[in-house]
Amino acid sequence: MMNKIIWRDIWQSIRHTKGQFLSILGLMMIGAFALVGLFVTGPDMRATGNTYAQKLNTPDLTVISDYGLDKQDVNRIKKTRGLKEAEFGYMTDTVIKSNRESFRIFSKPKKVGKYELRKGRLPTQKNEIALADNYAKHYRIGQQITFAEKKNILGTRLLKRHSFKIVGFVRSSQILSSVNLGQSTSGSGELKGYAVVMPQNFVQTVYTTANLTYKNLRGLDSYGATYTLRISNDKKALKKELKKEAPLRKKRISHYIDRQLAPQQQKITQAKQKLQVQQAKLEQAGKQLAAAKAAIGQQELLLGKNAGQLAQAKQELAVKAAAYHQSQAKFQHLAGKANKKINSKQRALDKVKRQAAELKEPNYNVYTRREIPGNEGNVVYTTIAQVVDDLAKVFPIFLYFVAALVTFTTMNRFIDEERINSGTLKALGYDDRVIINKFTFYGFISGTLGTIIGIYLGHTLLPQIVYHAYYKAITLPPIEEHFYWPISLIALVLSLLSTVFPAYLTAKSEISEKPAALLLPKPPAKGSKIMLEKIPFIWNHLNFTHKVTARNIFRYKKRMLMTIFGVCGAATLLFAGFSVKNSIGRINERQFGHLIRYDMIVAQKTPITAKQKSAIQDKMASKEVKASAPVHYESLTKVAGKNNDTQDITLIVPSSTKSFANYVHLNKRKTGQQLALTDKGAVVSERLADLLGVNVGDKITVDGANDRHYTIKITGLTEMYMGHFIFMNKDAYRKAFGKNYHANAAMIILKNGSRKNTEQEAAQFMKLAGVAGVVQNTALSKEIDTVVQSLNMIMVVLIVVAGLLAIVIQYNLTNINIFERIRELSTIKVLGFYDNEVTMYIYRETILLTGIGILVGYLTGDLLYRYILYVVPPDNVMFNPGLSVSSFLWPLGVIGLITLILGFVVNNKLKNIDMLEALKSVD
């Protein structure tokens, strides 16, 4: 039991050793902050996403078909096993008439996939519309907005009206990004915004989307493994059912088109028949006129002398002939116009019939929340949360290890300083347990206070820092802050292990001695010969102070190791932090400045007419385009990654490989060796190969349209940092895909490749009737920017934490070194050493050990960096593993600056040292 004297002694010890107390507090605070902050930020982000999804009843699966969903499709979907809710709606891609920006207009849902109202209200009338929240700065409530919409294959539009009154601004539960909303079939090909109107504004022939929720997914974490597994099984089951419907749907579409075209064909046929009737009448009149001429000729022979009667007959015939020729000329004029009009309509009709005949079976695309078009924001959000989770598995462990080592040394030094005091208490009859409790309480109070502060900051500060790194790009509510007991308890346990446990062990060992021994200070460490003395060539050239430094380093081996380990830990974290920061910082520049050199890919419609193709060629030959090259462009998929997500893969097959390097630079990342496309297989992006665990010579199977599978042999791995790519030549494509090559797109390099100009030129291409879509690098670039910005912010925080750790470690170990050798320093000062010489006498060791710690930190930092590169990057991103000079200079600069500043602090302390007090302290 500790009485008042012991408690007073404890508080007095804390006051006298404020530096050590605050050092332990700071070390535990830094450790707890990094550990708790990194562990709770990911769950907080996911909790925010789950709450938002539950609030708006975000669909688990969304079905979008090439040709819409008719009644039979709806009935089949509604019979899906385990379905909770199914809501069918409409959507269409348009452009704002005033600025040609791509807009996707949705029908207002009733229950599933609702919208968060940010301002105003949702539409309730046919003429009302609510726009995406990011357009609130461009438009106001009550303002009119007008859209332009392309016609479909039947020459119709989905919207009944195109001018609306703005009544509100909303956020979607399915489109979570404000910078990359995905691709669009209108405008520049890059979706800029979305809006919601009443369903009555759509031509309600067939639905365009189906939003589904499932019973077995209610209440689950939508980012968790259980949800991922179940949604994957639900998706497979639904796709299997819809695949059965595809051929039946094609027949219904053909019949529908025939029914729609039949009246038009009938009108054309009737017009032709009417024209034929008129022509027949005219021909009959001609025959009658010819018969009349023949009759007059016979009468002329018979009548001969009756000239008056004959003249009258000829005059009547001339009048009839003139009328006939007039009618004939008029008919020919009108018939020419009519035939031209009839032929034009027939050609248009025949074109639609040909397109209808060439229609393939509909493709029912089933998307999860992460896969749905336009929801790139969900992928980015999940990526950031996953990166924070992965960093939590690496950084805090290493940081806590270093902090624990230094804390252990600090506690040992505190117990040594209190040795005589402990001996006095033991001599006065205090129990060993009471004296040990004094030291354990000291460790407990300093460690626990620091940990509690760290836990609080970890739960509040770090999540907010991460949120402010992405909130401008992701349209989710502010991050929710939850308290997590498990990780908080782990932080407290680690604190006890780092402070109380070493205090207990050291104190128990110390107090086991007799009071008489404890009342004497520990004898200084014995000096001994070192290995360097056996090398005369070096040893004999060292001056006295340098020899003392060398001997003292090995004389105090424990302190030497602690200094090296402490500095090494800080250098490791700084090196890894700056290396990751540099790695992600250069991704965008490297990918879109060196590897991918084209500005956009223009995809053609299938089928495409010669006139449409010619219009595209003319545009590509315009002065705005620097160069273009035809390619076969195709989207493939492969299920892979940590969450078994469907990975989107871009297949590019150039018509000619001669100038392909001008558009895409394929090379080995490590050697820089350029890769060629051969007949033997494909060049695959490095990240995709890593994800699938394959290498050169292996084969991979990818999925195409309508669940067709293709096997491809890998002949090379190319450097690529964002997205998955497969590159092949024409012959390799024919072998792998079993079909003839045809170019369906073109890579475009613009003279002005700025983002603004690229979007403008993409919009010009999208106006062409033969263009199916435009894939711009700007969208992918913006997505990378969002991820990089968030990661940069996280790495800055970790770098600051590592810097603070370095300060505490250096300050702590330097103070321990001074107090351990205070008598030695006082002695050399009495002997006449100058202040600077006294400082360097002890600080030269610190500088040398710091240098060794930094060098070792480079090695361990590189190992940590490599591990982070292996664990942290999301499925579709590869960090640049190259190291820059700044990765080495920053740790050296930061720790060097701290060492320099502490040198001045030490010099000031040693100037004011009380030599007499220090030298008589033994007595």
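Reader: Hello! Among contacts between residues at least 6 apart in sequence, what share joins residues at least 24 apart?

Author: Welcome! This is a predicted model, and its protein chain has 923 residues. Taking the contacts between residues at least 6 apart in sequence, the share that joins residues at least 24 apart is 82%.

Reader: How many helices and strands are there in the protein chain?

Author: Both kinds of element are there to explore in the view above. The count for the protein chain is 24 helices and 20 strands.

Reader: What percentage of the residues count as buried?

Author: A residue is buried when its relative accessible area is under 20%. The accessible surface of the protein chain comes to about 44,100 Å², with 58% of that belonging to carbon and sulfur atoms. Of the 923 residues, the part that counts as buried is 51%.

Reader: Is strand 14 largely enclosed or largely open?

Author: Let's look at its residues and its partners. Strand 13 (residues 625–640) pairs with strand 14 in the antiparallel sense over 10 bridges, and strand 18 (residues 724–727) pairs with strand 14 in the parallel sense over four bridges. Because eight of the 10 residues of strand 14 (residues 645–654) are buried, the rest of the structure leaves this strand largely enclosed.

Reader: Which residue in strand 18 is the bridge partner of Ile 649?

Author: Strand 14 and strand 18 run parallel where they pair. For Ile 649, the bridge partner in strand 18 is His 724.

Reader: Which strands stand at the edges of the open sheet of four strands?

Author: The order in this open sheet is 2-10-1-11, and the pairing is antiparallel. Two strands each have a single partner strand, so one side of each is left without a neighbour in the sheet. They are strand 2 (83–89) and strand 11 (364–368).

Reader: Which helix packs on that sheet?

Author: Within the sheet, strand 1 (residues 61–69) and strand 11 are joined by five bridges, and Ser 65 stands opposite Tyr 364 in strand 11. The packing helix touches strand 1, strand 2, strand 10 (207–214) and strand 11, and its direction makes about 160° with that of strand 1. It is helix 3 (residues 71–78).

Reader: Is Phe 501 buried, partly exposed or exposed?

Author: Phe 501 lies in helix 10 (residues 485–511). Together with Val 493, Leu 497, Tyr 504 and Leu 505, Phe 501 forms a nonpolar patch on the surface, with about 460 Å² of accessible area together. Because its relative accessibility is 45%, Phe 501 counts as partly exposed.

Notes. Residues are numbered from 1 along each chain as its sequence is written. This is a predicted model: local features need pLDDT of at least 70, side-chain atom pairs count only at pLDDT 80 or more; totals for chains, interfaces and linings use all residues. Side-chain values use heavy atoms; hydrogens and water are left out. Patches are made of residues with over 30% relative accessible area and no salt bridge: like charges are joined within 9 Å, nonpolar side chains (Val, Leu, Ile, Met, Phe, Trp, Tyr) within 5 Å. Accessible areas come from the Shrake-Rupley method with a 1.4 Å probe; for residues, only the protein chains shown count as cover. A salt bridge is a side-chain nitrogen of Lys or Arg within 4 Å of a carboxyl oxygen of Asp or Glu. Buried means under 20% relative accessible area, exposed over 50%, partly exposed in between (1.4 Å probe, protein chains only). Two strands pair if DSSP finds at least two bridges between them. Contact means heavy atoms within 4.5 Å. Axes are lines fitted to C-alpha atoms, for helices over the stretch in contact, and angles run from 0 to 180 degrees between N-to-C directions.
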